[in-house]
Amino acid sequence: MTTGTNGGANDRADRTSDRSDGTENGAVDVAEDGVYHSVCAPNCRGRCPLRVTVSDGRVRNVEPLVPENPEYTRACTLGLSHVQRVDAGNRLTRPLKRADWSPAAPNPAGRGADAEFEAISWDEALSLVAGTMESVAAEHGPESVYFENGSGDHGTAGEHQARLAALFGGTTKRWSIDVNVGQGFRRVAGEGWFNVRTNADTDLVNASTLVVWGGDVFQSRLQHDASKLLDAVEGGTRLAVVDPMYTTTAAKADRWLPVAAGKDVDLALGMIHVVLHEGRYDEEFLRKRTLAPALVCEDGSLLRAGDVFEDGGDGPVAIDERTGEPTILEPETGGPYALFADREGDHLEVAGHGVRTGLDHVREAAADHSPETIAERVNVPAETIRTVARWLAAEEPGGIVTGLGVDRYVYGHVFGQAVAVLLALTGDFGRHGSFQGGLFAGAYPDFGDYAAPPEAPGATGLWQTEILRALETGEPHPLKAMYAQESNFVANQLPDRQRWLDAIETLDLVAVADMHPTPTVQHADVVLPAAHWFEKEDVVGGATHPHVMHRERVRDPLGESRSDHWIISNLAERLGHGDRFRSDKSAELREMLRADEHVDYETLRKQGTVEKPTPEVRFQGAFDTPTGRLEIYDPDAPTADPEHTPSASGSESVSLDVPRPLESRTDDDWPGADEYPLVFVQKHSRWRIHSQFESLPWLREHDPEPRLDLNPADAADRGIEDGDLVRAFNDRGEMVLRANVSEGIQPGLVNTDQGWWARDYVAGHHNDLTHAETSDVTKNFAFYDVRVEVEPATDVEATTDGPARGWRPGDDDRSGDASGGDSR
């Protein structure tokens with residue numbers, strides 16, 4: 001037996017690599033029993049390196065691996081449960097074809113719960129997929145083939161699929177999930193997408209105040225992020241938590257701000273009001289690094305230097321406080337600039353233009369948001385608002401750690417803008433202890449242009465909202481075939497689920513590569529069994545910790561399952577692009593890593609982890625904006641169509657030059673509020689990563705079935721008691737499940753943890769309640785902008801041990817093994 005730990009203590013040259021991941025007849029090299037290094041990498045910020053013990057070809061134990069920087073030695077319950085996941089009783093082990101599907105007669109109505117499948121060979125499966133792709137491309141163009149990559153494994157599988165999509169000329173998705181707040185922040189600071197990349201989590205201990213806003217770090221970010229936040233709290237950092245629910249993180253806070261659903265921008269403007277009206281803003285920072293002193297014309301445009309000075313250019317202009325004269329406002333340049341030009345509502349005159357400063361506009365937007373004015377609206381006491389605002393505005397550094405909760409409102413991007421403005425006022429950019437978001441600085445491998453070879457025709461990217469439109473209408477172009485890997489999107493995770501299931505009936509082919517028979521697999525025509533992470537070599541980035549990590553293949557893929565790289569490279573062979581992939585996975589990874597100046601493949605393979613240089617402090621130097629400054633006033637502000645904002649003064653459009661509250665269904669005045677009075681959200685669970693780990697026995701013992709959290713007052717009004725079966729419904733669908741009556745959720749709000757599969761409910765599904773409407777500004781799905789009514793479900797029955805099947809030992813045809821359905 002060989003034994004491996006970290007730091008290159010054992011030479012791994014004698015170990016088998018992933019190589020081709022097997023051949024079509026199933027012949028693969030068998031790794032020796034021993035201890036191997038691997039990585040857990042679902043859609044989770046942890047990405048923890050693991051030690052995997054194998055004996056007699058079976059995974060016997062999983063534990064944390066000590067990485068190159070031992071400070072990041074972590075693993076959670078989910079990662080340790082791979083002992084069951086890798087040998088789950090319902091692992092997909094053979095290629096399958098829907099019995100009533102053929103390329104000539106797709107019969108899309110046959111997909112779904114009643115679909116039956118027959119085993120086929122890998123050669124037939126790949127030939128069917130490739131042949132259908134080629135035929136629809138010939139008729140409709142290569143962009144009619146949709147390559148969907150989910151988030152089931154943050155290794156290199158997505159890179160391989162993207163490369164094939166680029167070579168083929170297919171369509172890929174642009175994310176319409178969790179990119180709202182980041183896009184709003186980007187408009188101010190020039191950076192942000194999936195949340196906001198901020199200082200390293202090791203710097204949390206240097207913050208005097210941290211506000212965790214819209215996220216439950218101690219529930220859903222259990223590894224490095226949670227441990228570093230706990231270090232800060234134990235070291236004396238003041239913690240405030242803004243969340244409509246009393247979360248695990250709120251239980252650790254000095255102040256809990258139970259904000260009403262959808263009122264986050266109002267609350268942020270209340271804090272901005274306190275900072276401005278109490279004079280607690282950082283004048284030096286505002287002058288040097290923001291557009292606070294920039295002069296704004298009456299038409300909303302910035303006054304440009306060329307409007308004032310001959311050959312002045314396009315840069316912004318400020319007023320010199322000492323002389324009262326205009327001066328050019330250069331990036332990263334301080335000076336005696338006037339922060340306010342407005343005098344009792346009048347504009348100053350400069351070069352024939354009436355002007356005010358950017359900060360004048362921010363002050364005006366916050367003018368009617370004093371804590372006393374908004375306290376009832378936002379459901380937070382005025383004194384609590386003032387206290388937390390003063391904490392943030394103290395001279396010591398602090399910041400806001402955003403979760404992804406506010407992303408899930410239609411207009412959540414305005415909150416990202418408001419956060420950036422608030423932290424600009426307090427000067428919390430570019431220094432130790434200052435945080436601007438929730439994506440702590442980490443490391444990723446650099447693969448250069450691997451996923452988009454410059455000589456390839458390239459893929460067409462569509463927002464997920466546009467993918468839905470293309471399926472339904474054929475615009476901007478038809479989609480006729482889908483190859484999905486690592487994805488349980490269509491049948492489980494996307495909003496307005498029934499609409500998506502209807503939409504895919506326009507596809508001639510749905511091919512799905514996965515480890516387990518997910519709801520999306522059940523809607524497939526061809527099923528390609530994918531290897532578990534431990535059964536393939538790979539390279540993984542650390543996300544919020546500074547390591548690039550290597551996975552050893554610890555054993556054969558189960559049955560005839562194969563790695564995504566093997567599937568993609570063999571599919572590429574049939575599509576005429578086989579020469580662009582190496583059948584040897586080790587050779588592929590070695591070549592991919594040549595673009596990374598910090599990570600050598602051989603060193604990484606030997607050690608298991610390599611720490612990359614990662615800046616501990618972000619946002620130092622000029623910002624990546626047109627002016628090089630924090631644009632707290634946006635001169636090119638988009639407008640938001642307040643289609644669902646009847647309280648927005650009845651205006652046809654709302655300018656977003658500075659943060660302004662906008663709401664959709666969470667607004668009390670929303671037209672459907674009387675019929676559906678409860679706002680429905682679906683927060684993350686500690687027992688799943690989205691729909692992954694849904695049915696592992698160890699985890700289901702703790703979380704056996706979905707529940708609807710509702711306040712005792714709402715329950716009493718509806719004659720509901722704890723444990724009763726209830727129906728949550730709206731005009732799109734319903735779900736039937738048990739009630740969890742709890743004081744931890746405020747009146748008017750209900751919650752079901754997301755990620756459950758349809759089989760887990762007595763009836764319906766949580767995403768049968770959601771809608772696919774988005775803001776035109778960001779195209780981001782709004783899972784939390786949903787209203788429902790709840791009533792007792794007196795006409796249905798459920799077993800006492802829950803409605804779900806398929807996760808208990810003995811529920812499937814491999815009863816001798818640990819059972820556990822799963823998704824990627």
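**Close-up 1. Strand E32 and its pairing partners in the predicted model.** E32 and strand E34 (residues 763–764) pair in the antiparallel sense over two bridges, where two strands pair if DSSP finds at least two bridges between them. This is a predicted model, in which local features need pLDDT of at least 70 and side-chain atom pairs count only at pLDDT 80 or more, whereas totals for chains, interfaces and linings use all residues. Residues are numbered from 1 along each chain as its sequence is written, and side-chain values use heavy atoms, with hydrogens and water left out.

**Close-up 2. Strands E30 and E31 beside E32.** Strand E30 (residues 707–710) runs parallel to strand E32 (residues 734–741), to which four bridges join it, and aspartate 709 stands opposite asparagine 740 in E32. Strand E31 (residues 725–729), by contrast, runs antiparallel to E32 and is joined to it by five bridges, with leucine 737 in E32 as the bridge partner of valine 726. Four residues lie between E31 and E32, which form a hairpin. Strands of a sheet pair through backbone hydrogen bonds, in either a parallel or an antiparallel sense.

**Close-up 3. The open sheet E24-E25-E26.** Three strands in the order E24-E25-E26, with antiparallel pairing, make up an open sheet. Its edge strands, each pairing on one side only, are strand E24 (538–541) and strand E26 (609–611). Neighbouring strands of this sheet are turned by 15° against each other on average, direction ignored; axes are lines fitted to C-alpha atoms, for helices over the stretch in contact, and angles run from 0 to 180 degrees between N-to-C directions. Strand E25 (residues 547–551) pairs with E26 in the antiparallel sense over three bridges, and methionine 549 stands opposite threonine 609 in E26.

**Close-up 4. The packing of helices H4 and H18.** Helix H4 (residues 157–168) and helix H18 (residues 564–574) pack at an angle of about 10°, with their axes 9 Å apart. H4 and H18 are therefore roughly parallel to each other, a term that applies to angles under 35 degrees. Ala157, His160, Gln161 and Leu164 in H4 meet Asp564, His565, Ile568, Leu571 and Ala572 in H18, contact meaning heavy atoms within 4.5 Å. The residues of this contact divide into five nonpolar, three polar and one charged, where Ala, Val, Leu, Ile, Met, Phe, Trp, Tyr, Cys and Pro count as nonpolar, Asp, Glu, Lys and Arg as charged, and the others, Gly among them, as polar.

Close-up 5. On a 1 Å grid over the protein atoms alone, a cavity is a set of points where a 1.4 Å probe fits but cannot get out, and lining residues have an atom within 4 Å of a point. Of the 16 residues lining the largest cavity, Gly262, Tyr409, Tyr411, Gly412 and Leu662 lie nearest its centre. Helix H8 (264–277) and helix H14 (412–426) are the elements that give two or more residues to this lining.

How values were computed: Parallel < 35°, antiparallel > 145°, perpendicular 65-115°, else oblique. 1 Å grid on protein atoms, 1.4 Å probe; cavity = no way out; pocket = protein on both sides within 12 Å on 5 of 7 lines; lining within 4 Å.
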